[in-house]
Amino acid sequence: MIKTLLQKIGVGAALALVSGLVWAQARYNLQQPQTEVARQIYDLHTIILVICLVIFVGVFGMMFYSVVRHRKSVGHQAAQFHENATVEIIWTVVPFFILIGMAWPATKSLLEMKDTSSPDLTVKVTGYQWKWSYEYLKGEGDLSGVADGVMFYSTLATPHDQIYGSAAKGENYLLEVDNPLVVPVDKKVRVLITANDVLHAWWMPAFGVKQDAVPGFIRDAWFRVEKPGTYRGQCAELCGKEHGFMPIVVVVLEQKEFADWAAKQKTASAAGGAQTAAAAGTAGQPAK
Amino acid sequence: MNRAAANRTILIKLLVVAVGMFGFGYSLVPLYQKICEVTGIYEVEKASAAPANTQVDESRLVTLEFDANIRSDLPWRFRPLQTSVKVHPGQLVQVMYEVHNRSDQAVAGQAIPSYGPQVAGQYFRKLDCFCFSTQTFAAGEVRQMPVVFVIERGLPRDVNTVTLSYTFFKVEGAAPSAARPRGDRSAAG
Amino acid sequence: MSAVIGHEHDHAHGHDHYPGGLMRWVKTTNHKDIGTMYLWFSFVMFLTGGFMAMVIRAELFAPGMQVVDPEVFNQMTTLHGLIMVFGAIMPAFVGFANWLIPMQIGAPDMAFPRMNNWSFWLLPPAALLLMLSLFVPGGAPGVGWTMYAPLTVQQGMGMDLTIFAVHILGMSSIMGSINIITTILNLRAPGMTLMKMPLFVWTWLITAYLLIAVMPVLAGAVTMTLTDRHFGTHFFNAAGGGDPVLFQHIFWFFGHPEVYIIAIPAFGVVSQVIPAFSRKPLFGYTSMVYATTSIAILSFVVWAHHMYTTGLPTTAQLYYMYATMLIAVPTGVKVFNWVATMWRGSLTFETPMLFAIGFLFLFTIGGFSGLVLAIVPVDIQLQDTYYVVAHFHYVMVAGALFSAFAGIYFWLPKWTGKMYDETLGKWHFWLSMIFFNMIFFVQHFLGLAGMPRRIPDYSPQFTDFNMISSIGAFGFGLSQLLFLYVVLKCIHSGEKAPQKPWEGADSLEWTHLPTPAPYHSFETPPTVK
């Protein structure tokens, strides 16, 4: 049994390394931002990181200098100074002002993230153990009536054998679903997020959106994606045993392709009954 | 005071603090409710007095969307009869929701409202709502129920899209008496 | 263990005058014995929690499910957290408190020696309950150490055992804290004013108040969970007028001060070790007392920074962001003070100092990642990812644990009368240092890149860093066995320690007591000038 286990780990590791090489870029930072909000977050993080690094290098530069030069073994004698009110005040006040400097752009970004008014499209997102459902509630302007009423479930599509067996892992292992959320590009999409059972969280790193799904309550968030493409996220709140297996995929299409897709959904659901999962038609889906 | 008595004094004081903090933990429950009410995140559901200022604000329109959820153990279909309306703040609005009990038994449920954005909740004045009490539906019954409300003129100007969402939860036990007050945290729910 | 100088005890036998056998440990009211038991208990728990971490990291070594199924994985993460927080790190510092506070203030023992015994002996049954939860139907709870509702309501009876264990652990902590506060306030030797106490004693005074304030709130939260599960209440269930987010508020009202309960005694140990090995007084004693107090007070009003994604009102998010950022100020003051203590000292780098410097360096990294997380828009991306896991392991492992190691190496001679093997101690330090960073530094990148936490399997783009992290984990775990060997070797065959093994150590236990410390010390209080 141990042998099988080790074999499995070995095969898994080998496969993973190979596919790791396929993604040759090691990922050190936040994902490529695809919305203005995500871009602001990315830049905010960079600024804060740089400030922290500068302070870190300064402080520990001094500490390591001390470690080298103020050693007993090189004969350094201990000075006996201690207590200095001026210095204490300086290193209390200066960090305080640095923090204010950080808080200002952070406040601006936060206020923008909270503004869900005047959306072009409203979608209700419901978290279940262990999948998502998407219901298109309302479009505005040239989206009016286009996708209203479309509803389907979105479940992990990675085959069981890839997870538990030794089948080779697909390109979007654990980040693929049968029916992705489809939205038009460059439109403000408001998502109303709730849950059916326990807490979940809807997270799209590329959009800078993460919102807890609280059973019995709705929470709203919004995004406006700048480029067509396929974007992937995951559930971000422990929700039971398949928490790691309920990803989110958002396909962003040009307006016309979105309208075509929506029309297909409506025909399919009219044919197949209200609550069944819509046919996974994503015609014209651009390459990732 | 001798040493042992001095020690005992501190012991007792600290024990009182510990017990007090346990009580404080429980007091967070009504405190949280109160704060949610005051900030409008979550309202105790009872009929509001008609708002003092009923002048309609013609200068702006607010898009109201209606959402319906049921917990999966409820054998109902629950939907708003209109998905959205555009209203003026101060205007009296009535919308209808419909429930169809698809099972072959009487089932009771309680609707819980929620607002997106949450801040809009404190500007909703409900005069009549099926969420004020538990609703019982006979087997196979289809019924439409109103929500009558006014959005207060104080709604912040940068909020012009509001979603009113209801989630119906099953209420256990034999058909409960009508008009059970909400916020009642005793058993059965 | 410690030698006894001329005292009668029950069951005295041989030349030792120790009370005998197993019953000595069961009935002891001696703060040194109890401190020893706390430390051994915490080490056993550390290895147990560590084993669970090994299971987690084995599963996460490569994508795919190879080792356990997802339910068991969630149980491992839950128990790992609960055991490490409540079974390992907290009792370890209570062990330090027991051993050192009486000696450092010139008192013969704690104020309530019998309650001290109960405080300890509540712990093994609580630990057993936690472990037992693995074997009941449904297994241990798979809810994370944070136990959010309503997931907790779905769990099997393992959840109830856990709730019971948490209650018992809480009672132990509260009794211990009452003891510590009373001891510090009432039993100081004449001349030892509050502002003359070693900083370690100050940190425990502050921590004990935090414990009394917040452990009962945790008890409330888990009791509400229990009644929601079994007695028809609806605290956390919207159907009955409750709210799942309420649990988070109550839990984190406890949970945030809790992390300072862990960190503040660690600060205290480091504040004893660094001056001793710099042969220089702590730079700003008064400042350090104020900074620690500010951190403790601020810790009460920042809890919702763990909840930025739950849908708090905007004003609340802004407030919590500002308040949380503010904690960086007194924390920075402390770091600057430690560095200033070393500056122009006469430094030597025995194992305690290595761990203390390691603490300083790595805890600060953890502090910076905490600052990053305090910023709401950035936290939206990082909440519930491996970035958070990296952050709290930096402050709690490289922080609290390394500080505990520093303290153990520092005080082993005083406790046992013997020196530990300095070469092996240094090996333990460097191995821990290297492997620790291997585990957790790369986890910052994993979180930034988008890997959520509490998942048993992941997208292959995260493989390389997960592999490095897992290899580091196995190395780190094995290195702690080296620590066990060092301690055992010291106790059984260590070289006899000089009366003052550390030239720069200047608190009462070093200046006024023999090495090893006698079983009863300061029966007559010293006069402190």
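Let me begin with one residue, C:V289, which lies in helix 10 (residues 285-298) of chain C; helices (H or I, at least four residues) and strands (E, at least two) are DSSP runs, numbered from the N terminus. This is a predicted model, in which local features need pLDDT of at least 70 and side-chain atom pairs count only at pLDDT 80 or more, while totals for chains, interfaces and linings use all residues. Residues are numbered from 1 along each chain as its sequence is written, and chains are lettered from A and ligands numbered from 1 in the order in which they are written.

The C-alpha atom of C:V289 is separated by 12 Å from that of C:T207, although the two residues are 82 residues apart along the chain.

Two packed helices are described by the angle between their axes and the distance between the axes. Helix 2 (residues 31-59) of chain C and helix 4 (residues 113-121) of chain C pack at an angle of about 10 degrees, with their axes 10 Å apart; the axes are lines fitted to C-alpha atoms, for helices over the stretch in contact, and angles run from 0 to 180 degrees between N-to-C directions. Helix 2 and helix 4 of chain C are therefore roughly parallel to each other, since angles under 35 degrees count as roughly parallel, over 145 as roughly antiparallel, 65 to 115 as roughly perpendicular and the rest as oblique. Where they meet, C:H31, C:I34, C:M37 and C:Y38 come from helix 2 of chain C, and C:N116, C:N117 and C:F120 from helix 4 of chain C, contact being defined as C-beta atoms, placed from the backbone, within 7 Å. By class, the residues of this contact are 4 nonpolar, 3 polar and no charged, where Ala, Val, Leu, Ile, Met, Phe, Trp, Tyr, Cys and Pro count as nonpolar, Asp, Glu, Lys and Arg as charged, and the others, Gly among them, as polar.

How confident is the predictor? Chain C has a mean pLDDT of 94, with 96% of its residues at 70 or more, pLDDT being the predictor's confidence in each residue, from 0 to 100. Over residues 1-16 of chain C, however, the pLDDT is below 50, and this stretch has 29 contacts in the model beyond near neighbours in sequence. Where pLDDT is low, the predicted coordinates should not be read in detail. For the complex, the predictor gives an ipTM of 0.91 and a pTM of 0.90.

Now to the contacts between chains. Chain A gives 84 residues and chain C gives 81 residues to their contact, and the side of chain A that touches chain C has 47 nonpolar, 23 polar and 14 charged residues.

Methods
Contact = placed C-beta atoms within 7 Å.
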